[in-house]
Amino acid sequence: MAAAGLWRDALARLAANRAAVASAALLAAIALLAVFGPLASPHAPDAIDWEHMAVPPSLEAGHWLGTDRLGRDLYVRTLHGARLSLAIALLATLVSLVIGVGWGAVAGYLGGRVDGLMMRAVDVLYALPRVFFVIILTVVFERSVWLLFVAIGAVGWLTMARVVRGQALALRHREFVEAAVAAGAGPGRVVFGHIVPNLLGVVVVYATLLVPQMILVESFLSFLGIGVQEPLASLGNLIADGAAEMETAPWILLVPASVLVLIVFSFNFLGDGLRDALDPRE
């Protein structure tokens, strides 16, 4: 009951944060548009309109946000790109959380040599350029969307492991952990049944801040041409196409870039709001 009351208080503080609420509403609207918005248009994302190539936004031509240099509808392609970028970022974040939370909680609870070895492995991986590591994975193995989110998620868990490890070190000497050990609970049950549930606030906050990082990594890789490949659309390769036409057809760049900026800023504002709402000092 006490935990439920704390979560209710956190939700009340979050609801009082106008920037966080507005960001959450905007993210929900973008997600709904990304899923259902293309149904409102008669154009397919890879359909070529030979009569309207690189035309600006026009209701008369039937292309609300214009077309790209191949005559493909920018409204539909941007929404498809937002859908794919969000899906990759969310799945990569999930992979990062599963690895990072498990690794950090085990290292923090066990401590000693085990903690030292596990965190030295994290330090070694930290020393490697993470984007370069993702590039190697996508080049060595067959390129696919599934490999992309696994590769991004596999290198995004390091900071989460450090954050969780620090919290676990502080929690392992708390009364409820010592009571569980005295009752005969094993290390696995203590870690995942008592320590990890008490880290949910930190995990939720960090997840909202990790998603925009994953979106930017995916966009950067797609911008370089080693991420999502044509004919699929992501915000990254749409921005890459728009950058090539920036001087003659700026809307091809502005439309997907604006959506990317809105998503990243919204997640950051929401993360700040969640951090304030879940602050134990409140």
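1. Basis. The model is predicted, so local features need pLDDT of at least 70 and side-chain atom pairs count only at pLDDT 80 or more, while totals for chains, interfaces and linings use all residues. Residues are numbered from 1 along each chain as its sequence is written, and side-chain values use heavy atoms, with hydrogens and water left out.

2. Main core. The largest nonpolar core has 55 residues. Helix H3 gives the most to this core, with 10 residues. Those with the most contacts inside the core are Ile88, Ile152, Val190, Ile195, Ile215, Ile263 and Phe267. A nonpolar core is a set of buried Ala, Val, Leu, Ile, Met, Phe, Trp, Tyr and Cys residues joined through side-chain atoms within 4.5 Å. Buried means under 20% relative accessible area, exposed over 50%, and partly exposed in between (1.4 Å probe, protein chains only). Helices are DSSP runs of H or I, at least four residues, numbered from the N terminus.

3. Second core. A separate core of 7 residues includes Met119, Trp157, Leu158 and Ala161.

4. Phe267. What does phenylalanine 267 touch, not counting residues up to four places away in sequence? The list is Leu27, Leu86, Thr208, Leu209, Val211, Pro212 and Ile215. Contact means heavy atoms within 4.5 Å.

5. Thr78. Threonine 78 lies in helix H3. Its relative accessibility is 2%, so threonine 78 counts as buried. Beyond neighbours within four places in sequence, threonine 78 contacts Leu235, Leu238, Val255, Pro256 and Val259.

6. Surface patch. Leu91, Leu94, Val98, Ile99 and Trp146 make a nonpolar surface patch of about 510 Å². Helix H3 (residues 74-110) supplies the largest share, 4 residues. Leucine 91 sits in helix H3 and is partly exposed, at 33% relative accessible area. Like charges are joined within 9 Å, nonpolar side chains (Val, Leu, Ile, Met, Phe, Trp, Tyr) within 5 Å. Areas come from the Shrake-Rupley method with a 1.4 Å probe; for residues, only the protein chains shown count as cover.

7. Aromatic pairs. The structure holds 3 aromatic pairs. Phenylalanine 265 and phenylalanine 269 form a tilted pair, because their ring centres are 6.4 Å apart and their planes are at 35°. Rings of Phe, Tyr and Trp (its six-membered ring) pair if their centres lie within 6.5 Å; planes under 30 degrees apart count as stacked, over 60 as edge-to-face and the rest as tilted. Phenylalanine 265 and phenylalanine 269 are 4 residues apart in helix H12 (residues 251-277), so about one helical turn separates them.

Terms used: Patch = residues over 30% accessible without salt bridge, like charges linked within 9 Å, V, L, I, M, F, W, Y side chains within 5 Å. Salt bridge = Lys/Arg side-chain N within 4 Å of Asp/Glu carboxyl O. Helix = DSSP H or I, 4+ residues; strand = E, 2+ residues; numbered from the N terminus.
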